[in-house]
Amino acid sequence: MKNNRRDFIKLAVPAVAGITTALSGIAPAFAGAVSEIPEIPDLIRDRGPQKFNMSGYAAPKLETVRIAFIGTGNRGSGAVQRMSKIGGVEIKVICDLRPEKANAAFKRIEASGQKPELVTGNPEAWKKVCERDDIDLVYIATPWALHAPMAIYAMDHGKHACTEIPAATTIEECWQLVESSERNKKHCMILENCCYDFFELLTLNMARQGFFGEIVHAEGAYIHDLLAGDFSKEKYYDFWRLRMDASRQGNLYPTHGLGPVSQVMNINRGDKMDYLVSVSTNDFMMADTAKKLAATDDIYKQFVGKPFNGNMNTTTIRTNKGKTIMLQHDVTSPRPYSRIHLISGTKGTAQKYPLPGKISTGHEGWISEEEFKVLEKKYEPAIVKKVGELAKQVGGHGGMDFLMDWHNIDCLRNGLPVDQDVYDAALWSSIFPLSEWSVKNRSNSIDVPDFTRGSWKTNAPVDITLSKGGNTEVKL
Ligand SMILES: NC(=O)c1ccc[n+]([C@@H]2O[C@H](COP(=O)([O-])OP(=O)(O)OC[C@H]3O[C@@H](n4cnc5c(N)ncnc54)[C@H](O)[C@@H]3O)[C@@H](O)[C@H]2O)c1
């Protein structure tokens, strides 16, 4: 640890009315709560040896995967529908605080013959759902502050957990996810759907087959203008996302850009993140927007004067093998959407944004569309060959959401290791609080915790061959 600042920093704990955390040592998530937690360098300390290695762990096969969904707003209701198209899935519970959201999710699958129980109206009801003995997998698509408490509670009650991104918002939560997964031998899968986007899958396969040579540097991003959505009264339940933007700093949503490049670079599986530095601009838009809206609508007064996250955050990570990853986060500026997805190796380069994705092998420029098509065919990933077209028909961000759900279920049904395990969930999510610390400390470097506790040296890369499993039905 190279940082010399030992003072306490105040981190805002995200707001969800009426929820107490299921965890000890994690700040409670009451509405508007701001709690003091020790500065991060104290929290990334050694937590002792790994109890059990979940990387590559094959849980016992489940012929039928019985799922409980928690949180069926914008995102969760789509997941319910996608899962109803996968063979060997039984949807047992749809749980949302708001009855209308659980009902709406059910309506989307009514014709499928699934008969879930709807659990609604009580902010703590999800605990009873996790305690049931007729559930195998808890699928979480609630506001960020609830992901880790729910996933840990689910695993501690003998369930596998899938969680939307980020899986955690503090380093303590990241460690508790790891410890719960290892303790219970239950998977904690981070639902990083961008790892299954077609261009990202293609470049992963090309990297595996040596097309780019040694990967030297990668870039990823979440550049998505959400300003109107954040301030909308309808889009996010109780302004949960705006509350985050109004209280936390740095890269709050790192995993869309980071997940795919981490897989290409075999992070946690041959290499590991060593340290990072992070720098943010000021906020030039959110505080102004809050002020303007509050002038005519009292509901926005609660956001006036809040410490909004800067427009742009840039974080650079160095790995133990001497490679770098640059990540950006901007959810307010009026820019075209981008996750960048740049892979730079000793023999070639790929870059997805601005669309369409491009490949190059030299300084002269990108290869032609025709040449790209040839490469696309040659390096077509096994999962795309198998269910790519079906996934496009089911949909969900062009099919990638379905590929993710299908493969997660296929792994559980065949007793195979999952692609994005608890170490990925913890590591990719940890960039949020680590970047926050660096931003608040004049971009000082900060060590990235090794959640694998040394097993990264021997963990096998994610198996993308589909040589096992791949037999789960798609029901159109
Ligand atoms: N991977 C992706 O591409 C992608 C896209 C959109 C959203 N997301 C993620 O999905 C998650 C949900 O986002 P969203 O856009 O659906 O938000 P949302 O506000 O529409 O949905 C969240 C739901 O959680 C419910 N909820 C809140 N507290 C609850 C509790 N205690 N018990 C049960 N239900 C509770 C709310 O009623 C709401 O319906 C977020 O983590 C977000 O980052 C991911």
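**Before you start**

You are looking at a predicted model, in which local features need pLDDT of at least 70 and side-chain atom pairs count only at pLDDT 80 or more, while totals for chains, interfaces and linings use all residues. Numbering runs from 1 along each chain as its sequence is written, and side-chain values use heavy atoms, with hydrogens and water left out.

**The whole chain**

Show the chain as a cartoon. You will find 15 helices and 16 strands; helices (H or I, at least four residues) and strands (E, at least two) are DSSP runs, numbered from the N terminus. The C-alpha atoms fill a box of roughly 60 × 55 × 50 Å along the principal axes. The radius of gyration is 21 Å, which agrees with the value near 23 Å that a compact globule of 476 residues would have; this radius is taken over C-alpha atoms, and the globule rule is 2.2 Å times the number of residues to the power 0.38.

Of the 476 residues, 61% are buried, where buried means under 20% relative accessible area, exposed over 50%, and partly exposed in between (1.4 Å probe, protein chains only).

**Stop 1: aromatic rings**

Select Phe, Tyr and Trp. Their rings (for Trp, the six-membered one) pair if the centres lie within 6.5 Å; planes under 30 degrees apart count as stacked, over 60 as edge-to-face and the rest as tilted. By this rule there are 18 aromatic pairs.

Zoom in on Trp144 and Trp240, an edge-to-face pair with 5.4 Å between centres and 65 degrees between planes. Trp144 belongs to helix α5 (residues 144–156) and Trp240 to helix α9 (residues 240–245), 96 residues apart. Are these two buried or exposed? Both Trp144 and Trp240 are buried.

Next, pick Phe211 and Tyr379, also edge-to-face, at 5.8 Å centre to centre and 75 degrees. Phe211 is in the loop between α7 (198–208) and β9 (215–223), and Tyr379 in the loop between α12 (369–378) and α13 (382–394), so this pair ties together parts 168 residues apart in sequence. Phe211 and Tyr379 are both buried.

**Stop 2: charges over rings**

Here, a charge sits over a ring if NZ of Lys or CZ of Arg is within 6 Å of the ring centre and within 35 degrees of the ring normal. Lys185 places its charged end over Phe52, 4.4 Å from the ring centre. Lys392 lies over the face of Phe198, at 4.7 Å.

**Stop 3: Ser181**

Find Ser181 in helix α6 (residues 171–184). Its relative accessibility is 1%, so Ser181 counts as buried. A polar atom of its side chain lies 2.6 Å from the backbone oxygen of Lys186. Beyond neighbours within four places in sequence, the contacts of Ser181 (heavy atoms within 4.5 Å) include Met54, Met155, His187 and Val422.

**Stop 4: Ala290**

Finish at Ala290, in helix α11 (residues 286–294). Ala290 is buried, with 0% relative accessible area. Which residues does Ala290 touch, not counting those up to four places away in sequence? They are Phe231, Tyr300, Phe303, Val304 and Phe308. From Ala290 to Phe308 is 18 residues in sequence and 10.0 Å in space, C-alpha to C-alpha.

Terms used:
A polar contact is a pair of N or O atoms within 3.5 Å; within protein, one must be able to donate a hydrogen and the other to accept it, and residues adjacent in sequence count only if both atoms are side-chain atoms.
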